[in-house]
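Welcome, and thanks for taking a look at this one. Please keep the viewer open while you read, so that each point can be checked against the atoms.

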Amino acid sequence: MKMLRPFYLIAGLVLTALGIIGAFLPLMPTTIFLILAAGCFTRSSPKLENWLLNHARFGPTLRNWRQHGAIAPRAKLLASMGITLGVVCFWIVARPPFWWWLAGAGFMGGSLAYVLSRPNGPRVE
C-alpha cells in the first residue's frame, strides 16, 4: 500500500483540480470529483483529506456524503436539471441514431435514479 501512496496523492490532486474547475464550468460535475479526491487523500495524505473535508464551501457536502451517503435536496434538483439538459442537448446537437440516444438516456436516467434514491441527510449549511 505504501508504494501506491504517490499514485493516490497525484490522483487526489488531479481530481481536486477537476472538482474546482467544475465549480466554475456549467455541466461539469464538482462533487463527484471531490468525493473521489477525498478517497484518494485518505490513502495518501491525511493533511489534504482534512483540508478538503473542512473546506468552507465543499466540506459540508463531502462530510454529509461520507457520514450518511446523503445528497442534499438542492443538489438533487441541480443534478436532475443538469442530466435532463444534457440528454436534451445530446439529442439536439449530436443527432445520434435513436438507439444511441436511448442508450445514453437510459444510462443518464439510471444515474438520476441513483441520485434521487439517496437520503437527504442532515441539512447542509
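Predicted model: local features only at pLDDT ≥ 70, side-chain atom pairs only at ≥ 80, totals over all residues.

The chain holds 6 helices and 0 strands, and from the N terminus on its elements run α-α-α-α-α-α.

**The chain as a whole**

- The C-alpha trace spans about 50 × 35 × 25 Å along its principal axes.
- Of the 125 residues in the chain, 29% are buried.
- Among contacts with a separation of 6 or more, 59% come from residues 24 or more positions apart.

**Helix 5 against helix 6**

- Two packed helices are described by the angle between their axes and the distance between the axes.
- For helix 5 (residues 73-94) and helix 6 (residues 98-117), the angle is about 180° and the axes lie 10 Å apart.
- Because angles over 145 degrees count as roughly antiparallel, helix 5 is roughly antiparallel to helix 6.
- On the helix 5 side, the contact is made by Lys76, Ala79, Ser80, Ile83, Val87, Phe90 and Trp91.
- Helix 6 answers with Phe98, Trp100, Trp101, Ala105, Met108, Leu112, Val115 and Leu116.
- Sorted by class, this contact of helix 5 with helix 6 has 13 nonpolar, 1 polar and 1 charged residues.

**A closer look at Ser80**

- Is Ser80 buried or exposed? Its relative accessibility is 16%, so Ser80 counts as buried, the cut-off for buried being under 20%.
- Ser80 sits in helix 5.
- Leaving aside residues up to four places away in sequence, Ser80 touches Leu112 and Leu116, and both of these residues belong to the helix 6 side of the contact.

**Helix 3 against helix 4**

- Helix 3 and helix 4 pack at an angle of about 105°, with 7 Å between their axes.
- Helix 3 and helix 4 are therefore roughly perpendicular to each other, as angles of 65 to 115 degrees fall in that class.
- Helix 3 brings Glu49, Leu52 and Leu53 to the contact, while helix 4 brings Gly59, Leu62, Arg63 and Arg66.
- By class, the contact of helix 3 with helix 4 has 3 nonpolar, 1 polar and 3 charged residues.

**The salt bridge**

- How many salt bridges does a search of the whole structure find? The search finds 1.
- Side chains of opposite charge can pair when their charged atoms come close.
- Here the partners are Glu49 and Arg66, whose closest N and O atoms are 2.6 Å apart.
- The pair links distant parts of the chain, with Glu49 in helix 3 (residues 46-53) and Arg66 in helix 4 (residues 59-68), 17 residues apart.
- Glu49 is buried, with a relative accessible area of 14%, whereas Arg66 is partly exposed at 40%.

**More on helix 4**

- Gly59, Pro60, Leu62 and Asn64 are buried in helix 4.
- The buried residues of helix 4 pack against helix 2 (31-44) and helix 3.
- After helix 4 comes Gly69, which has a positive phi, near 60°.

**The nonpolar core**

- The largest nonpolar core has 13 residues.
- Which residues have the most contacts inside this core? They are Leu15, Leu34, Ala37, Cys40, Leu52 and Leu62.
- Helix 1 (5-24), helix 2 and helix 3 are the elements that give two or more residues to this core.
- Helix 2 gives the most, with 6 residues.

**A closer look at Cys40**

- Cys40 is found in helix 2.
- With a relative accessibility of 11%, Cys40 counts as buried.
- Which residues does Cys40 touch, not counting those up to four places away in sequence? Its partners are Tyr8, Ala11, Gly12 and Leu15.
- One of these partners, Leu15, is listed with Cys40 among the residues that have the most contacts inside the largest nonpolar core.
- Cys40 and Arg5 are 35 residues apart in sequence, and their C-alpha atoms are 8.7 Å apart in space.

Key
Residues numbered from 1 in each chain as written. Heavy atoms only, no water. Axes fitted to C-alpha atoms, helices over the stretch in contact; angles between N-to-C directions. Helix = DSSP H or I, 4+ residues; strand = E, 2+ residues; numbered from the N terminus. Parallel < 35°, antiparallel > 145°, perpendicular 65-115°, else oblique. Contact = heavy atoms within 4.5 Å. Nonpolar A, V, L, I, M, F, W, Y, C, P; charged D, E, K, R; others polar. Salt bridge = Lys/Arg side-chain N within 4 Å of Asp/Glu carboxyl O. Buried < 20%, exposed > 50% of the residue type's maximum accessible area, 1.4 Å probe, protein only. Core = buried A, V, L, I, M, F, W, Y, C linked by side-chain atoms within 4.5 Å.
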